[in-house]
Amino acid sequence: MSGRPDSGTGPETAGSEAAAGQDESVDPLDVSDDPQDESVDPLDVSDDPQDESVDPQDESVDPLDASDDPWEDARRARWTAVGTGAALTLAGLAAALLRLARSAPALVPAAYAGGAAVCAAAAVLGSRGRTRRALWLLIAGVMVMALGDQFD
């Protein structure tokens, strides 16, 4: 069924369905699965094994491809949280020290140092496997540092 009403037809009955089966009119919006239709879709990927240049069983093709191992995904997320937390902690501490060296309101280096402390806590949580909480703490730490930047 196409989802749109046919024009000029009455209520459907068993007799009208039999007559509709004999009707050979072609609907231009109807997509048929005619096996004789030889039109080529440019977006269609060929299933011909001769066209494939890469063996799907070969694991040395793309080492950066995501694996199906959930432990590997968890390990990668943990290292990402730890690395990002450590980098943002160092950036926040460096910004706090730079703001202390020049004349800035005391709130500015305190905000950078506070954001760095939150990012350090996120790195610790990430190392323990709490990557979702670590992500939210990283976002909060960066927002605190951005608030310090606004005070400057």
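User: At what angle do α2 and α3 pack, and how far apart are their axes?

Analyst: In this predicted model, α2 and α3 pack at an angle of about 165 degrees, and their axes are 7 Å apart. Axes here are lines fitted to C-alpha atoms, for helices over the stretch in contact, with angles from 0 to 180 degrees between N-to-C directions. Being a prediction, it needs pLDDT of at least 70 for local features and 80 or more for side-chain atom pairs, while totals for chains, interfaces and linings use all residues. Residues are numbered from 1 along each chain as its sequence is written, and side-chain values use heavy atoms, leaving out hydrogens and water.

User: Why are α2 and α3 called roughly antiparallel?

Analyst: Check the angle: about 165 degrees is past the cut-off (over 145 is roughly antiparallel), so α2 and α3 are roughly antiparallel to each other. Their crossing is left-handed, meaning the near helix is turned anticlockwise from the far one by less than a right angle. As for who sits in the contact of α2 with α3, there are 16 nonpolar, five polar and two charged residues.

User: What makes α3 roughly antiparallel to α4?

Analyst: Helix α3 (residues 107-127) and helix α4 (residues 131-151) pack at about 170 degrees, with axes 8 Å apart. That angle makes α3 roughly antiparallel to α4. In the contact of α3 with α4 you'll find 18 nonpolar, six polar and two charged residues.

User: How do you know that R99 counts as buried?

Analyst: R99, in helix α2 (residues 70-101), has 19% relative accessibility. The cut-off for buried is under 20% (exposed is over 50%, partly exposed in between, with a 1.4 Å probe and protein chains only), so R99 counts as buried. Beyond its neighbours within four places in sequence, R99 is in contact (heavy atoms within 4.5 Å) with A104, V108, P109, Y112, D149 and D152.

User: And why does T89 count as buried?

Analyst: T89, also placed in helix α2, comes in at 14% relative accessibility, so T89 is buried too. Setting aside neighbours within four places in sequence, T89 is in contact with A116, C119 and A120.

User: Why is I139 called partly exposed?

Analyst: I139 lies in helix α4. Its relative accessible area is 35%, so I139 is partly exposed.

Notes: Helices (H or I, at least four residues) and strands (E, at least two) are DSSP runs, numbered from the N terminus. Angles under 35 degrees count as roughly parallel, over 145 as roughly antiparallel, 65 to 115 as roughly perpendicular and the rest as oblique. Ala, Val, Leu, Ile, Met, Phe, Trp, Tyr, Cys and Pro count as nonpolar, Asp, Glu, Lys and Arg as charged, and the others, Gly among them, as polar.
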